[in-house]
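Visitor: Could you walk me through how to read a model like this one? I would like to start with the core.

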Amino acid sequence: MADAWAKELDEATRLAEEVKGSIVNANSGGMSRGERSRLLSTTKRKILILDNKVNRLTSTLETLRGQLSEKEFFRRQDAIISLGLRVKQLDSSYKSSQNARDDLLADGTRGPPVETDKTTGLDNYGLIAFQRQTMKDQDVDLEDLEKSVVSTKHIALTVNEELDLQAHLLDDMDRHADRTNTVLQNVHKRLVVLSKRAGSSALGCLCLMMLVVVALLLVLLKLIHVW
C-alpha cells in the first residue's frame, strides 16, 4: 500500500511537469488560435485530474500512518503540501494564460482589452513577455509561501516533541515522588515501633534522631536524582 502511494505521488509529480510544459507552450506565441485553445482546454483537464490526485494522496496517507515511521510520514506529508501548492500555482498560471488568450485574440464582438499602466504601449509580443514575467513572479511568491508553510510545520513538530519530553519528565517525577512517599511511610512505621520499644531512654531518643536524619538524607538524595 505504501509503495502504491509513492508510485501515485511520482505520477502526480510527472503530471505537474506536463501541465507546466503545456502552459509554457501556450504562452510561446507560436500557435494558432485553435491550437492554443485546444492546448489550454487539455491543460485545464489535467489540472483537475492533478487536484483530485492530491486530495486522494492526502486522504490515503492518513490510513498509512501506522505503517510508516514518524519521520517518513512527515516527509511524505511535506511532499503532498509542496505538490498541493504547486497545483495552485499551475492553476493560477493557467488562468493568467486564459486571460491573456482572451485579451490577445479578442475579435470584433468584444470591446478593446482593458489597459493598465504596465501594459500600456506593449504589442502582442510585449504582452506575452509581460505575462511570462508575471508567471515567474507568481512562482517566486508561491515558493516563498511553501517554504513558510513547511518551516511553520517543522516548528510545530519541534514544540510538540518538547512537550512530549516534558510530559515524560513529569511522569518520572511523579514515579519518584511515589517511591519517596513509600520510603517515608516505611521509615515512619519503623520509628513508631522503635519509639515504643525505646521508651523515654536517652539511647532510644538518640536512635530516633539518627533514623530521622537517615530518612531525611534518603529523601534529599532521591530529590537530587529526580532533578
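Guide: Happy to. A nonpolar core is a set of buried Ala, Val, Leu, Ile, Met, Phe, Trp, Tyr and Cys residues joined through side-chain atoms within 4.5 Å. Buried means under 20% relative accessible area, exposed over 50%, and partly exposed in between, with a 1.4 Å probe and protein chains only. This is a predicted model, where local features need pLDDT of at least 70 and side-chain atom pairs count only at pLDDT 80 or more, while totals for chains, interfaces and linings use all residues. Residues are numbered from 1 along each chain as its sequence is written, and side-chain values use heavy atoms, with hydrogens and water left out.

Visitor: Which residues touch the most other members of the largest nonpolar core?

Guide: In soluble globular proteins, nonpolar side chains tend to be buried together. Here the largest nonpolar core has 25 residues, and Trp5 and Leu50 touch the most other members. Two or more residues of this core come from each of α1, α2 (33-63) and α3, and α1 gives the most, with 8 residues. Helices are DSSP runs (H or I, at least four residues), numbered from the N terminus. Leaving out residues up to four places away in sequence, Trp5 touches Leu57, Thr60, Leu61, Leu64, Arg76 and Ile80; contact means heavy atoms within 4.5 Å.

Visitor: How should I read α2?

Guide: An α-helix has 3.6 residues a turn, so residues three or four places apart point the same way. Among the buried residues of α2 are Leu40, Thr43, Ile47, Leu50, Val54, Leu57 and Leu61.

Visitor: What lines the second largest pocket?

Guide: Rolling a probe the size of a water molecule over the atoms shows where empty space is left. On a 1 Å grid over the protein atoms alone, a pocket is an open set of points where a 1.4 Å probe fits, with protein on both sides within 12 Å along at least five of seven lines; lining residues have an atom within 4 Å of a point. This pocket is lined by 13 residues, with Lys20, Val24, Gln89, Met135 and Asp139 nearest its centre. α4 gives the most to that lining, with 5 residues.

Visitor: Is Ser92 buried or partly exposed?

Guide: Ser92 counts as partly exposed because its relative accessibility is 27%. Ser92 lies in helix α3, and its C-alpha atom is 9.7 Å from that of Asp139, 47 residues apart along the chain.
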